[in-house]
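Please keep the sequence and the model open while reading.

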Amino acid sequence: MNVLVCVKQIPDPNAPGKLDPQTRRLVRDGVDLVLDPGDEHAVEAGLQLVEKDGGEATIISMGPPRALEAIRRALAMGAHRGILITDPGLENSDALSTARAIAAAITGQGYDLIICGTESTDGSSGAVPAQLAELLGLPLLSFAKKLEVSDGKAVIDRQTDDGYDVVEAPLPVVVTVTGGINEARYPALRGIMQAKNKEVKHVGLGDLGLDGKAGKLALTQEVVDLTPAEARKAGEVVEDKGEGAKRVADFLQELKVI
Amino acid sequence: MAGVWVFAETVDGSPKPVVLELLTKARSLGETTAVALGPGASKAVATLGKYGAKRVYVHEDPAFRDTLATPAVDLLARLIEKDQPDLVIFGMTYDGRDVASRLSARLSTALIANATDVVSKNGGWAIVSPVFGGTLLVTTVPRAKPPTLVLIRPKAVAAAPAASAGAPQVQMLTEPVESAKPVARVLRREKEKASGPKLEDAAVIVSGGRGLGAPENFKMLDELAAELGAAVGASRAVVDAGWKPYSFQIGQTGKTVKPAVYIALGISGAMQHTVGMKGARTIIAINKDPEAPIFKLADLGVVGDVHKIVPQLIQEVRSRKGK
């Protein structure tokens, strides 16, 4: 079984994000960049499948040259090879451009499963996996909190508002996984050493044959304004010295909850 | 007048609450058409009309319920080609997101997700979405050919019936929906039990985070919630750890709630969580870390140990209720 895992490098979500008011883009300078923690679960899901059934896990990412570090992290977890789509002409791509670039970069490579996180932790639109499925003409199994593959089929437990649905699709298929699907492994030192020698293919805009359908020439939308949201005013913060519960109960009574 | 469409998700013939919010917004922007798909969808027509739909497309094929996204995308793509609407709005739900995203790739149109508002501007649309946990508002304009597809977060708009609403014109569709392409089929549906009111409708929510330390500590939340008539919610860390089912999750990936009172226990207040609850009228937080970001949002914050304070609070509530 051959699995492709799509990953994104994002600013450390534990540090507050900033947008440049001039360029209206994410500030990347001086910010730690990490493999999106949501994507670690996608990598783990892919690794578990190939460890069970054989085959290879390939990691693909699109971003600036330093996004290579995110791919290396996934390789250190145990993935076999990487593809980095990087090109100045792809800077500031929207979701659809990203999906087109990924679809073009993997044409004819015959993956049985393409696994993604449900959404990036920074952008959160969650559009790329479904767009990728559409461009490739594949079914999408989304919001999976459990994934099983056998007999040429994938079956997931798909999160819903009041529980989950059991959903099935034939391979090849695109799957998005939630954080609860597994416990992502931590790369071991040996894995980190091995990752340095694993092949990462670099792909540029010229290799994709997209002819103006991705990147700057193909933007479907533009950010025109950024404004701080009206901030909620912080209220009173008290330290519990034995009276904390009483203070909360008083407040609940004021609010007529009690 | 601009043609504004609403993807009207229904469950057993009732529109999902978010659909009424979308219609309220849509009718302020143009001539509104609702598209209601799946078994029983025709039962939703009257309500859709009441909230502003002038016309409703209905197709009751079970495939819309039992196959993920693709039948709806196929049908919407055909209808859009025929009628050429200017704007199509979807709820930021599990299905809404899948359908809108696939459709944007099919039509090569702009898709703007996580929106909280759409306004008409210079003959086009401007879409507002919060980023970074709602601390910053981004305004985006489409640069592709119409229609612009927008995913609006639940509870971003207050639903209100239209002042003057007639019965909408109904177009029943019966064309076959079977696809030649492989699809994702729902085999069965499982419901997870939750006691008390539904999270989305609850006036009071008691919500727990990783700071509770262990899944068994949710028992005291259940107890407190029962005393207050509240629903129980959880942060992503908690559902990802398997302490509570995903249906309890509040935040970016989970539910958006707007209760009168939100009580956050052992929740640090990561942006992923706050985007789903900062619309609460009043927020109370208990957390042992005085630096926790939740205290910047809370109307009342108590720095202390939830394991000590919550049981005391349950006792306080009980004695004040005269038990």
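Predicted model: local features only at pLDDT ≥ 70, side-chain atom pairs only at ≥ 80, totals over all residues.

**Helix contacts and a salt-bridge network**

H7(A) and H9(B) cross in a right-handed sense.

On the chain A side, the residues in contact are Gly244(A), Ala245(A), Lys246(A), Val248(A), Ala249(A), Asp250(A), Leu252(A) and Gln253(A). They meet Ile309(B), Gln312(B), Leu313(B), Glu316(B) and Arg320(B) of H9(B). Sorted by class, the contact of H7(A) with H9(B) holds six nonpolar, three polar and four charged residues.

Helix H3 (residues 95–105) packs against H4(A) at an angle of about 50°, and the two axes are 9 Å apart. H3(A) and H4(A) are therefore also classed as oblique, and their crossing is right-handed. From H3(A), the contact draws on Ala95(A), Leu96(A), Thr98(A), Ala99(A), Arg100(A), Ile102(A) and Ala103(A). H4(A) contributes Val128(A), Gln131(A), Leu132(A), Leu135(A) and Leu136(A). The contact of H3(A) with H4(A) has nine nonpolar residues, two polar and one charged.

How many of the 11 residues of H3(A) are buried? Nine are, and the helix is mostly covered. The buried residues are Leu96(A), Ser97(A), Thr98(A), Ala99(A), Arg100(A), Ala101(A), Ile102(A), Ala103(A) and Ala105(A). Their cover includes H4 of chain A, but also strands S1 (3–7), S4 (57–62) and S5 (81–85) and helix H6 (205–208) of that chain. H5 of chain B is included in the cover as well.

H4(A) and H5(B) are also joined through side chains. Glu134(A) forms a salt bridge with Arg102(B), at 2.8 Å from N to O. Because Glu134(A) lies in helix H4 (residues 128–136) of chain A and Arg102(B) in helix H5 (residues 94–107) of chain B, this pair joins two chains. Both Glu134(A) and Arg102(B) are buried.

Glu134(A) has another salt-bridge partner, Arg106(B), with an N to O distance of 2.4 Å. This pair too crosses between chains, from H4 of chain A to H5 of chain B. Is each of these two residues buried or partly exposed? Glu134(A) counts as buried because its relative accessibility is 9%, whereas Arg106(B), at 33%, counts as partly exposed.

Arg106(B) in turn meets Asp74(B) in a salt bridge of 2.9 Å, N to O. Here the link runs between distant parts of chain B: Arg106(B) is in H5, Asp74(B) is in helix H4 (residues 70–83), and they are 32 residues apart. At 17% relative accessibility, Asp74(B) counts as buried, since the cut-off for burial is 20%.

Taken together, Glu134(A), Asp74(B), Arg102(B) and Arg106(B) are linked in a network of salt bridges. Over all chains, a search of the whole structure finds 38 salt bridges.

How values were computed. Residues numbered from 1 in each chain as written. Chains lettered and ligands numbered in written order. Heavy atoms only, no water. Salt bridge = Lys/Arg side-chain N within 4 Å of Asp/Glu carboxyl O. Helix = DSSP H or I, 4+ residues; strand = E, 2+ residues; numbered from the N terminus. Buried < 20%, exposed > 50% of the residue type's maximum accessible area, 1.4 Å probe, protein only. Axes fitted to C-alpha atoms, helices over the stretch in contact; angles between N-to-C directions. Parallel < 35°, antiparallel > 145°, perpendicular 65-115°, else oblique. Left-handed = near helix turned anticlockwise from the far one by under 90°. Contact = heavy atoms within 4.5 Å. Nonpolar A, V, L, I, M, F, W, Y, C, P; charged D, E, K, R; others polar.
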